[in-house]
Each structure stands twice: as structure tokens, then as C-alpha cells.
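Good morning, and thank you for coming. Please look at the sequence and the structure on the screen while I describe them part by part.

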Amino acid sequence: MNGSHATGSPYAPYTDDERTAMLESVGVDDVEELFDIPDDVRFEDAFGIDARSERETRRLVRSVLGRNDELTELLGRGHYGYYVPSLIDHLADRSEFLTSYTQYQPEVSQGFLQALFEYQSLLVELTGLEVANCSMYDAATALGEAATLAERVRSTSGHRVLVPDLLLEGRRSTLENYVAGTDLEVATYPTDDANADLDALADAVDEDVVMVYAENPTVRGTIEERLAEIGDLAGEADALFVLGSDPVALSVLQRPADVGVDVVVGDASVLGLPTSYGMGLGLFACREDYLRQVPGRLVGAGEDATDRRAYTLTLQTREQHIRRERATSNICTNQAWVALRTAMHAAYLGPDGMVDLAKRGVTRADDLADRLDEIVGVTAPVHDRHHLREFVARVDQPARAVADDLEKRGFAVHVVGEHEIQVCVAGVPDERIDPFVDAFTEVAR
Amino acid sequence: MSDDSGAGRDDRARYDQARYVEDGQYEPLLSEKDRTTVEIGGDDDSPLPDDLTRDSLELPALSEPELARHYTRLSQMIYGIDSGPYPLGSCTMKYNPKFTEDVAALPKAAVHPDRSETSVQGSLELMYRLQDYLGRIGGMDAVTLQPPAGAAGEFVGIRVATAYHEHNGEGHRDEVIVPESAHGTNFATAALGGYDVVSLPSDDEGRVDLEALEAALSENTAALMLTNPNTLGLFERDITEIAEMVHDVGGLLYYDGANLNALLGRARPGDMGFDVMHYNVHKTFATPHGGGGPGAGPVGVVDELAPFLPAPRVREADDSSGSEPTYELFDPDHTIGKVHGYQGNWLVLVKTFAYIARLGDEGLLDASATAVLNANYLASQIEYDVPYEPFHHEFVASAGDQDAADVAKRMLDYGVHPPTTKWPEIVPEALMTEPTEVESKDTLDRLAAAFNAVAAEDDETLEAAPERTAARRIDQTDAARSPRLSWHALENDE
């Protein structure tokens, strides 16, 4: 029987008798003899980390995380706190999903492969593009991968990647790192009232540009009105048109394939994960022309020995474990389990639920902006645009002070300028809206 | 699929994975259960003008009970570490303690990344303490938690090396040396970082060939990337000399943490002369692999490289006083910037912290001891030849005249997951096997019995395998020839 031992790892099942028998089979007296480590690099010290019982460990983590304040987050800018139904937690936590590895043995991994195939299909439907991979790490790294894709597939000798001047710093910086080893360089184009400034963009696009990046909605929550024109500008220069978005926005906003988009990136975990301090799911979809240059894993449908449809990782010759330094990306471990959760959440919502969630993101943002606009010393929204989920408000008081005061009253908002605050309604329960408006009224005066 | 096939005999293990067949096909896709089209716009209720919206959206509309069954069925068609042994070499498929899911699900772990630092002191403290744990375990002076996977950790290491060399006026260094037997990510990461990859052959004993290394090193060397123990499970005994050689030409030594489980508490990369390393927390520290991810790949460096780490990092605040220290984010002086939009895979980091705090010194020491004993015991019980010794947490057996890929398929019928196959290529028909510390002697005996049963079987049996899995052998070449990557593509086919 597998008794337990008094000390050591609680997850290493053996008894002293078993250990003795195993050592005998191996032909040594002591486990230490199995370590072929020269004396000069042996570690004889201790880490000084105390072992704890499960209960103590849970108490420790609970008490450390307990220092996080409980706030109503009116925060967005790419990371949203939509309610995640219990169904997702309970099914995604089934240990076959949670504890399996990458599907290198497809015959015992059909369930996960099918779930990822369904995730890819969801993105294909949302974007109208033919190919979606089964995940990058997050929106920032997906953007970086899109740039290296642009370098590989463009026939021009150009080297400029154009991004909006309002691009989130985390995305911009990650992109810079991804292109650091290439000939590419990142340049910005101006925005006008939060959306792309088309005239300025037209001036910036020339034969030296390999990629034009835009977001819909923009980082300030506004909806781009001239996507097709951006696509035309990119197309005329033979540059890739890369769009940043997410599954909720894509449910109602213009379909990327209809406005000339070549690649869609973004964070797909707006569905499937609660706010997770930035943990995400890199969405990556593109036109079929680039299939052989796609980064990351792809699940395809094939057939098994009984001629029934079955799923498998496919086109693996693009990947690092086969192509090594000529791979399309260095990614190995990805965000598969988050992709599963996202697919589950989308399936839970269904098409009606997805569309409804997005539409409510428009109406609730509009309603809240109207209410804040009524407060003396507040103008909302600042941008004369349509909004999804979030908007910027101008406050007469210093924005930092307003945000700090709101935090004392239990609400977190973004500070995006000296007198500008950004407010997001995604995931905020209806019953928290009135108290928020009340708090805002108090602090803004 | 007759019952007298090897796997079916009463005295042998057999395994029947759930298999659902309906109308001659396996479990249907969601889209085959329902497709509903929702029109968007074209009505007065729409909050957006029609020219800003799509026309329609077509997706499955299924009830919660239907979805619960769909996903339960899918889960039953997956083999996980909770299904049985999973000795994938270099993957460290450990049992994932259940309680870590509970701590990651704590409501206070769910915070937005743009929160003020004062309002997320708990998250910052946890990150600070995890940085400290990892620094101690690796013998490193400074740690970043931002890389979301091992390959992303490698990328940070390579970018840090670039920044460091450029800072020292040595931006001309354009080569990264990688052993022939290294993980594919090493090559791909060096290339992504803009480096020429210099491939390093191993010597007859399976280790770094010092003469070849001498020849490969030059004033153009930016770094050598090394896994220790290497992919054969062998400790690079000459590590001190290797480190000196690399440092003598001004290069940096990078430690790929994929095999760190072998060394926990017994040797530390920092003490071996490594300058920068990544940790695969989804391997060494038991966070679940989730069917391919998410993992996390924190990076540790020596003091000299700390100013180049990604931003932001966590430190104790200067004005920190009283019983509860306070923590703050800061940008290292010469930071390479960011490699992830925010702080990486936060929820995975919470599980990592919990695992290390649970095991402590004695648990971590026991993990490496038992992992190494288990690998050695298993190797002693199987009939396949293991050409390279002395190995540690994993060994590479050779399937000899059998095709290693077929061996793997057949092992599935015995209810065990097969090893990594056909890699590293230095061993013909490689079966790269890493049982980890979580398997009991009984399980290892069962695993050995599966190896040995398959070793005795003929090629025909192997080629017909697997028989008892949710799907039978899948033709991957055919699937790649005409890729069908979505339910839309299947429809176009018909």
C-alpha cells in the first residue's frame, strides 16, 4: 500500500519500505548517491522556507491577499471584469482539462482539441478571417507577433510599424521588444478626438510601412468610424492592416474582414476570466494567405483510422520544436486553458447574449456619461464619439485627487490626464452605479 | 479490438477512454448542435448607427445543461495527470495540488492591473515574497515575475543580455550558442532576439563538448544557453569550467529552468556561474499545465544584470515601517521595458507561491530526491536500453528496432501516458521519460509493465494502436495537407 511518510513533499507517495526496495533495485544505499553533482557546486545550505500544512498555507495566502482593498472597479482599457458564470469555473476546473499537457498525443486528447477547435471557430466567426490560432499570451504579445508576421509576409523592403499615439504603454513596450531583433521600427500616428487621424495617417503611410495598427474600440473607449479607410491606406502601401479588439466588441462592431483587416489581435479573456491583475489570452486571427506564417499552435480536423472526424495539432512545422531558429515564433506553452474558458463563456452567452452584452456596454456607458455630465465641474464624455464600455470625463479638480477621493469611497477609476478620468462600466453591477455617481458628485465639487 | 489483444488480457492493465459516437461520428461540435443567427442593427433599438456595426452574428445557442454535458463529455476524452502517470520527458508533469486552485480563486486575487499600488498591497506583497522565494531557490539576486511562459522567460534573458552588452559598448555581439540537444525554444528565442544561433554538438558521453565550446566561443558571443541537467538527464559536470570559458570571452551564461526539478535544494544555477535563468513554474512548482498553458516563466539574474530587468518590479517601499511593510512598483534603471502587457500570468503566480509555501525546504528537497529516485527505479525496471548515464530526474531510453512514436501510441492502450518521443535525436528512437516525484512504487511498476509489454509486441500491433482511446490513430500528415481549422472550413468541405 502507499502509506505516507512523515516529512518531505506531501505529494510524493512512498513508504520507507518502498524506498528501501527501490534503492536496492537501483543498486545504491542512499538517494544522494544518485546525484552526479561536483562538490564545488553542491548546495549545502537551506533556502530558509518553512513548510506549512495545507490549511496554514491557505490562511497565509488569504491573509496576504487580504491586504488588497475591496473596491468597485470602474476600470477597463483592455482588461475587463465581466461576470464569469459558475458553469465556467466548474467545468474548466475538471481535472482532465486542468491537468493535461499540450495535445502531442491527440488520440487521448480529443476533448481538449475539440474545445480549442471550437475556440478557433468562435474567433473565425467573430473576425470573418479564415484562420485563428489557439492562443498567444495576451494582447501585447499578440501585437508583437503580428509585427513579426508582417515582416515575414510583406514583399516590400519597408520597416516601419505604425501604431496610434495613444497605444497603451504595456503594448507599445512589448511590441518594441518583439521587433528589437528585426529590422522593424515602431512609429506613431496621431489621433484626433481619440480615433485615428486619417489625414495624418495618410501622410504617415508610405512604401516604408509594413503594418498599420488600429484598435476598435480605442483605448479611450471610442468606436472607430473609418476602419475601411484605414484598411485602404494600408492596402495601397501593401502594408498589413492589424486591428486590436476583443470578443465582446467584435460581437457588434464592424466585422474586421469587411473593412480590409488582415490580422486581428487583442485580449480574448475579457470573456472567461475575471480581472486577474493583467493575466490574459492573446487573440490572434488572420487571413488564410498567411497560414504558413502563423505563430503558435493550430488545431485542425482530420480523420482517425475509423474514418471518423478527429482533431489534432496541425502545421507543426511552423513551430519551435520542429523548425527551431526558423520557427514562426518561440512560443511553446500558451494560454490553452484560458482559451477553453473563453470558448465556454461565449457558448454560455450564445449569439444573443454576446450581442446583448456588447450593446449594454454602449448604452450603460452612455447613460453613465450623461449622469456624470450633469455634475458641476464634470464634462462627460470628453470625446464626441460613440463609446463602448468606457469613456473619458474631464474634471475641473486635479484628476489624481478625484481618483484618490473616489478610492477612499470604494471606487477605482483610471487617471488618463491631469484633468481626465476614464470610467468603465463593464462588469460593474447596476446597483453600484448610483453610489458611484453619488461619490463622484461629492468628490468633484 | 478483440479482447485477447495484449492490452485486453485479464492479467494486464487496460484502459478504455470514454468514446461518444452519434450518427457515425464522435461528439458533435457545438455548431452541429445549434447555430443561431442574430441580426444586428437595422432597427430603432440599436444603440449604434448601422455603419458602425456588423450585420449579424451566427453562433451556437445552447442551454446551460446542454453545455454542461458537452464539456463534461469533452473532458472525459482527455487524459490528464489525475487520470494516471504522465512521464513526458522535460515536461515535469507533477500532480497539481487542488488547494492551489482555491487560493487562486480567492475573490481578492481578482484585481484589475491598473489599480493604485496602495489598493493592491496584497498582490504586491505576494509578488515580493515569490520573487524572494525564487531568488533563494535559484541562487539569484533579483527576479522578475512578468514572463508568461518559459519561452517568454528565455526572451527576457536574451533581451537582458542584449541590453547589458549594449550598455557596455559591446553591441557587436551577435551570436548565441545553443547545444544541439536543447529545447527548440532556445533556438527560436535567440533568433527572435536577432541573434545568429551557433549550434553546439555534445561529446560522446552526452554532455557539452568543451573543445567544440572553445571553438564556438568568440568576442561575438552574447550568451550560451544551457539546460542542466541536460535533456539526457545528465549533469554538466564541467559547469564551472564552462562558466569560466563563457565569462572569459565576455559572454553571459543562461540557464534554461526546464529541468530544475532535478536539482531543488541540491545545486543552484547561481552557484554554478549562471548569470540569468528562467523558472518553469508549471513544471517545477506544480501549477497545472491546462492543456498547454498558462504557465509562467519568471527570470532570475545576478546583481549586475538587475538594472536591465523588465519593468515594473516590486520592492519594499522606503517609507515602509511598522508591523506591515508596504510595497511599491519601480522601473529598473536600464530596463528592457515590458514583455507582457501587465504582470504576466498572475493567477499562476499565486499558485506558485502557495506551492512553495506549502512544501518549504524539506518538501522541495524531497521532490528532487524522489524525482531522481523514481527515474532511476523506473529505468531499472524497463527492458529498453538507456544508453546515457548517470541520469537524474529523467532518462532517455531507446526503442531500438521499434518506432518510438508507435511505442507511444501503444502505451496509451495500457492506460498510461507515453514519454516524449524521438527527441533528443542523439538517442535513436528516443523515449524521453520523466516520472516525477508524484508516482508511487506501485504506479512505477505499472508503468514499467506497460513499457515492457509494448517492448514485446510486434510492429503490426504497434501500428494498429491505439485501440482504446476516444479516437483511433489520427493521420496527422493528412490533416496538415488540407488544413481545416474551424467549423466554417468543415462546412465549405461538404
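Predicted model: local features only at pLDDT ≥ 70, side-chain atom pairs only at ≥ 80, totals over all residues.

Residues are numbered from 1 along each chain as its sequence is written, and chains are lettered from A and ligands numbered from 1 in the order in which they are written.

Let us take chain B and its domains. Chain B is divided into domain 1 (20–84 + 482–493), domain 2 (99–357) and domain 3 (360–469). Between domain 2 of chain B and domain 3 of chain B, the C-alpha centres lie 29 Å apart. I call two residues in contact if their C-beta atoms, placed from the backbone, lie within 7 Å. By that rule, 16 residues of domain 2 of chain B are in contact with 17 residues of domain 3 of chain B. The side of domain 2 of chain B that touches domain 3 of chain B has, by class, seven nonpolar, eight polar and one charged residues. For these classes, Ala, Val, Leu, Ile, Met, Phe, Trp, Tyr, Cys and Pro count as nonpolar, Asp, Glu, Lys and Arg as charged, and the others, Gly among them, as polar.

Next, a sheet in chain B. Helices (H or I, at least four residues) and strands (E, at least two) are DSSP runs, numbered from the N terminus. Two strands pair if DSSP finds at least two bridges between them. In chain B, seven strands form an open sheet in the order β5-β11-β10-β9-β8-β6-β7, with mixed pairing. Which strands are at the edges? They are β5 (142–144) and β7 (196–200) of chain B, each of which pairs on one side only. From one strand to the next, the twist averages 20°. Angles here run from 0 to 180 degrees between N-to-C directions, and axes are lines fitted to C-alpha atoms, for helices over the stretch in contact.

Within chain B, strand β8 (residues 221–227) and strand β9 (residues 252–256) pair in the parallel sense over five bridges. There, B:Ala223 stands opposite B:Leu252 in β9(B). Helix α5 (residues 150–167) of chain B packs on the sheet and touches β5, β6 (175–179), β8, β9, β10 and β11 of chain B, its direction making about 165° with that of β10(B). Helix α4 (residues 121–138) of chain B lies across β5, β10 (276–278) and β11 (299–301) of chain B, and runs at about 125° to β5(B).

Two peptide bonds of chain B deserve a mention. The bond from B:Gly293 to B:Pro294 is cis, with omega near 5°, and B:Pro294 has its place in the loop between α10 (281–284) and β11 of chain B. Another cis peptide bond joins B:Trp423 and B:Pro424, with omega about 0°; B:Pro424 lies in the loop between β15 (420–421) and β16 (430–433) of chain B.

I turn now to chain A. Chain A has 14 helices and 17 strands. Its domain assignment gives domain 1 (16–63), domain 2 (72–83 + 350–444) and domain 3 (86–344). The C-alpha centres of domain 1 of chain A and domain 3 of chain A are separated by 43 Å.

A residue is buried if 20 or more other C-beta atoms lie within 10 Å of its own, exposed if 12 or fewer, and partly exposed in between, with C-beta atoms placed from the backbone. Of the 445 residues of chain A, 61% count as buried. Is A:Ser135 buried or exposed? A:Ser135 counts as buried because it has 31 C-beta neighbours inside 10 Å. Phi of A:Ser135 is near 135°, a positive value in a residue other than glycine.

Finally, the two chains together. Here 155 residues of chain A are in contact with 171 residues of chain B. Helix α12 (residues 336–373) of chain A gives the most to the side of chain A that touches chain B, with 16 residues. By class, that side has 68 nonpolar, 52 polar and 35 charged residues.

Conventions:
Domains from an automatic or database assignment.
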